[in-house]
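Good morning, colleagues, and thank you for making time for this presentation. I would ask you to have the sequence and the structure before you as I speak.

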Amino acid sequence: MNGASGIPEAYLDGYVVLLTEVCATGRRLKRDELERRRELGERAADAGYGLRDLVSAHLTAARTAWPSLPGDPDSLLAVTHQVIDAVAEGYERAQRQAVRQEEATRREFIDDLLHGRSDLGRLAERAERFGLRLSHSHAVAVAHGPAAYDEGHQVAQQIERALIARFRDRGILLTTKDGRVLCVAPGDQPEVLTYFAKQCYAAMDGGQVAIGRVQPGPGGVVQSYEEAVSVLDLGERLELSEPVLHAADLLVYPVLTRDRQAMADLVQATLGPLTAARGGAEPLLETLTAYFDSGCVAAEAARRLSLSVRAFTYRLERIHQLTGAGPTDPAHRYKLQTAVIGARLLGWPGTPLGTG
C-alpha cells in the first residue's frame, strides 16, 4: 500500500510503533534502530523513490499518529528528527554507491572501448548507454598539456562544460586516459573536435591536440584513438609546435618508419659521418633541420639558429664535406631530408641506432 506521497508502507516499516515506544519512554533511538532506518532509506533510493517524498511520508505518518501518542510534542519532534536523519543518511549512502558504481562502469567501458578488448557487438550495445552509436563512424581527438588530467581535474571539467553548452546531446564522449583529455565525436561533425581543440588550448594554457582520422564501425573509435596518440608521440619526436596536429596530414611519417631497420640504415649511412665533426653530429643535424623546416632558405634558417648567414653557409659546406651530399643540391636534398626526419623519429644521435 502506498501513502499520499507515493511511498510504499514497506519503507516506513515499524515507524509508528517506534514513535509510540520512544514517546512513552523519552529515550533516544538505539544504534540498531537507527541502522534499520538507514537500511530502509537505502532500499528506497535503490528502488528509485525521491528523498523529498520519503521525508514527506515520514512527516505525514508522524502527524497522523500524534493524537494517539503518549508524551509531549518535544519527544515526538526529537524522535522524528532522528528517524528522518537516519533515513536520509541511508538514502545518500545508496546514492554515493550508485555514483561509484556508475563511474566504475563508465571507466570499464572506456578502457574496453579504447583498447578493443571487448566483443564489438557487446561493446556497441554498452556504448548506447553513454550516447555513442558505434555502428556509425567516429573520430577521436587527444590533448595533452603541462599536467596529468583525470576526470575530476578542473581543466577536464571546464572543457566538458564548454562542449555541453555548445553542442548538448550530439553523441559526444569526453573522458581522460593516461593523463590526457580526449573527445570521441561522430565522424560527420568535425566542428566538435575543432571546438574541443580550441577549448583544450585555452584551458591548458597551451598544450597540443592530435586528431585521428574518421574511422567506421565499432572498431573505429580505437583505431582513431591509437592514431591520435601516435601523432602526439610523433609531434614530440619531431618537435612540432603546431597546437593541433591532424593525422591525415602526417601519414607520410608512419610510412617512413614502417621499416625501422631500413630507416636506421639510411640514417647511419647518410648522417653517420657527421659524428666526426667537432662537437659531434647534433649541431649539424640541427642545421639541416632548420634548413629544411625553413623551406631551404638559408637566411631564414640562419635567423632561426641565431647565426649569421655566412656561419650557416659554412655549416652546410661542412655537411657536404663529411657526407658527400650537398643540402643545396636537389639531387641530394631528398635523401638528406628523409634521413633527417628518420633521425628525429629514431631519436638519433641521442639514442643509438637500433635501440630507439
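Predicted model: local features only at pLDDT ≥ 70, side-chain atom pairs only at ≥ 80, totals over all residues.

Residues are numbered from 1 along each chain as its sequence is written, and side-chain values use heavy atoms, with hydrogens and water left out.

Let me begin with the sheet. Five strands form an open sheet with mixed pairing, in the order β2-β3-β1-β4-β5. Strands here are DSSP runs of E with at least two residues, helices are runs of H or I with at least four, and both are numbered from the N terminus. Two strands pair if DSSP finds at least two bridges between them. The edges are formed by β2 (173-177) and β5 (244-246), each of which pairs on one side only. From one strand to the next, the twist averages 20 degrees. For all such angles, axes are lines fitted to C-alpha atoms, for helices over the stretch in contact, and angles run from 0 to 180 degrees between N-to-C directions.

What joins strand β1 to β3? Six bridges do, and the two strands, β1 and β3 (residues 180-186), run antiparallel. β1 also pairs with β4 (residues 208-211) in the antiparallel sense, over four bridges. V142 illustrates both pairings: its bridge partner in β3 is L182, and in β4 it stands opposite A210. Buried means under 20% relative accessible area, exposed over 50%, and partly exposed in between, with a 1.4 Å probe and protein chains only.

I turn to the helices on the sheet. Helix α8 (residues 220-237) lies across β1, β2, β3, β4 and β5, and runs at about 35 degrees to β1. Within α8 we find E227. Is E227 buried or exposed? At 14% relative accessibility, E227 counts as buried. Setting aside neighbours within four places in sequence, E227 is in contact with G212, R213, Q215, A247 and L251, where contact means heavy atoms within 4.5 Å.

Next, the helix pairs. The axes of α3 (residues 51-65) and α4 (residues 73-115) come within 11 Å and cross at roughly 160 degrees. The two helices are therefore roughly antiparallel to each other. The classes are under 35 degrees for roughly parallel, over 145 for roughly antiparallel, 65 to 115 for roughly perpendicular, and oblique for the rest. The crossing of α3 and α4 is right-handed; a crossing is right-handed if the near helix is turned clockwise from the far one by less than a right angle, and left-handed if anticlockwise. Residues L51, L54, V55, H58, L59 and A62 of α3 meet L76, T80, V83, I84, V87, A88 and Y91 of α4. This contact comprises 11 nonpolar, two polar and no charged residues. Ala, Val, Leu, Ile, Met, Phe, Trp, Tyr, Cys and Pro count as nonpolar, Asp, Glu, Lys and Arg as charged, and the others, Gly among them, as polar.

The second pair is α6 (residues 154-167) with α7 (residues 190-203), whose axes come within 10 Å and cross at roughly 145 degrees. This crossing is right-handed. Among the residues that meet are I159 and L163 in α6, and Y195 and F196 in α7. By class, the contact has 10 nonpolar, two polar and two charged residues.

Finally, T270 belongs to helix α10 (residues 260-271). At 5% relative accessibility, T270 counts as buried. Not counting residues up to four places away in sequence, T270 touches T323, K335, L336 and A339.
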